[in-house]
Amino acid sequence: MATVLEVNNIEVVYQHTVQVLRGLSLSVPEGAVVALLGANGAGKTTTLKAVSGLLPFENGAVASGNITFFGDDIARSAPHDLVRRGLFHVMEGRRVFEDLSVEENLLAATYASSNRQTAKAYDEVYGYFPRLAERRRQKAGYLSGGEQQMLAIGRALVAEPKVMLLDEPSLGLAPLLVQEIFDVITRINRDRGVAILLVEQNATLALEVASYGYIVENGRVVIDGPVETLKADRDVREFYLGLGSHGSARSFRDVKHYRRRKRWLS
Amino acid sequence: MDFFLEVSLVGLAIGGVYALVAVGYVLVYRTTHVINFAHGNMMMFGAYFYFTFAELLGLHWTISIVLTVIAAAGLGAGIERVALRPLLGRPAISIVMVTVGIASILHGAAQLIWTAGDFFLPPIFPDLPIVIDEMYIPANTGYGFLVALGAIGGFLLLFRFTRSGVAMRATASDQIAATTMGINVPAMFSLTWVYASITAALAGVVVGSITTLNPSMGLIGLSVLAVVILGGMDSVIGAVAAGLIVGWIEALTGFYIGGAFKDVVPFVVLLAILIVRPHGLFGTPEIERL
């Protein structure tokens, strides 16, 4: 299978001083869902921002390594140009335009697409998320958190991307809503063949929808593999899925962090 | 009592022109968070553009207006490209200082090109005053008000209903998110300056028709800045309301208290309102650290 997105050994530095990524590599095959897991501050969001070219907004830069999108190095591309070429980043915290209406938010996303049949694109979004249709004239700032996340994904649909970067789509949402959003994410991947690079805190959920996973710690990939392998890995089970080595749910109290070091650290 | 109404009408008409100038400030501030101190002088340049086309080149006033709008658009785009684009991502205060510099450059350039003398703009509006029910409104002021109203309305519709208007509002709301929608944010900044420059030029033509034309006309921009602050820096509706209020109070004080107080009383009222509403009448409450 062809690779749509490839990150080769990148190092990212903020403010010329703070190094966040230390030689991180990953690749996203065509039509696949790839999960990027890790604790807070591991560098997951930074990886996505490096890919979509948003680092300069935060005074960060890719110091070495390279990123290719369909084989082209993206270092010299303006971020809005990458979006128009099919690389869509759904940022953490949803970032809807609060004083624009739902439909205007979707209209803004048409800048990413060459398709001019906007009405049809909106209808598809409303098909995935009927609740947005009811609120199409309302200001996006008045939507609930779940509806805003639907809108954020809806904008991505309008953009018709080839790769979607999803940053914490479950953040701050009720479990039922999380399920609904992840169902749609799976459907988008299946129906449209959009490749997805998924960053999630909820590892169980992420490994359910993904086919391949990377685990990031301190700015580098410490373990990666097909999800079946990851799910069977003793350390992944214990530290990310909260399961004991026997497969039963395990109380956090019994996890003896101070005794057992993660194997990949030694 | 009749005088009260008549004075009020004239005041509101002048206020409409203030509103048009104020809207130019708001456009730039909303998208780029920069207070454009050069706005008054861009307005002055717009008036000189019209003067050049209509008086010096002797073109018909309609053609002159169109050419003025085009020249103003060029001026706005040029300023953005040359002076502001390189500062993209720098703190707002640096960019504000650059606009102060641009103001001086424009002022000096106007003196060099058109000399420091006073000129009259060739009349655009019909010479007869507007008479409503025995109330008398000077022609230039009255028609100027209509032009201002039309221009503001036009821009509001543009922002409300066009695709690029939506993109500009999206950029104003969240620049990074706008980038991830594929919106070319620097291009939107450029477009903002073009629009602001056009409103400035139209206002310049109106103000130049009401008063005379000289390179110090840009100073009006500074007093209108007070209007913008009253309306709340980022609200177009606020700018319109504040413009009308200040114009109205100015006319009333000029008539009832005396011309010497005309420039003072509106600002006293402005201070009083800002004490109660620090972020202006319609502004977004937000702490701006400079």
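1. In this predicted model, the C-alpha centres of domain 1 and domain 2 of chain A lie 29 Å apart. The bounds, 3–232 for domain 1 and 233–266 for domain 2 of chain A, come from an automatic or database domain assignment.

2. Where these domains touch, domain 1 of chain A brings 9 residues and domain 2 of chain A brings 5; contact here means C-beta atoms, placed from the backbone, within 7 Å. On the domain 1 side, α9 of chain A gives the most, with 3 residues. By class, that side has 7 nonpolar, 2 polar and no charged residues (Ala, Val, Leu, Ile, Met, Phe, Trp, Tyr, Cys and Pro are nonpolar; Asp, Glu, Lys and Arg charged; the others, Gly among them, polar).

3. Now to the partner chain: 22 residues of chain A meet 17 of chain B. The chain A side divides into 13 nonpolar, 3 polar and 6 charged residues.

4. Chain B itself has 11 helices and 2 strands (DSSP runs: H or I of at least four residues, E of at least two, numbered from the N terminus). Its C-alpha atoms fill a box of roughly 60 × 50 × 35 Å along the principal axes.

5. A reading note: residues are numbered from 1 along each chain as its sequence is written, and chains are lettered from A and ligands numbered from 1 in the order in which they are written. Local features need pLDDT of at least 70 and side-chain atom pairs count only at pLDDT 80 or more, while totals for chains, interfaces and linings use all residues.

Methods:
Contact = placed C-beta atoms within 7 Å.
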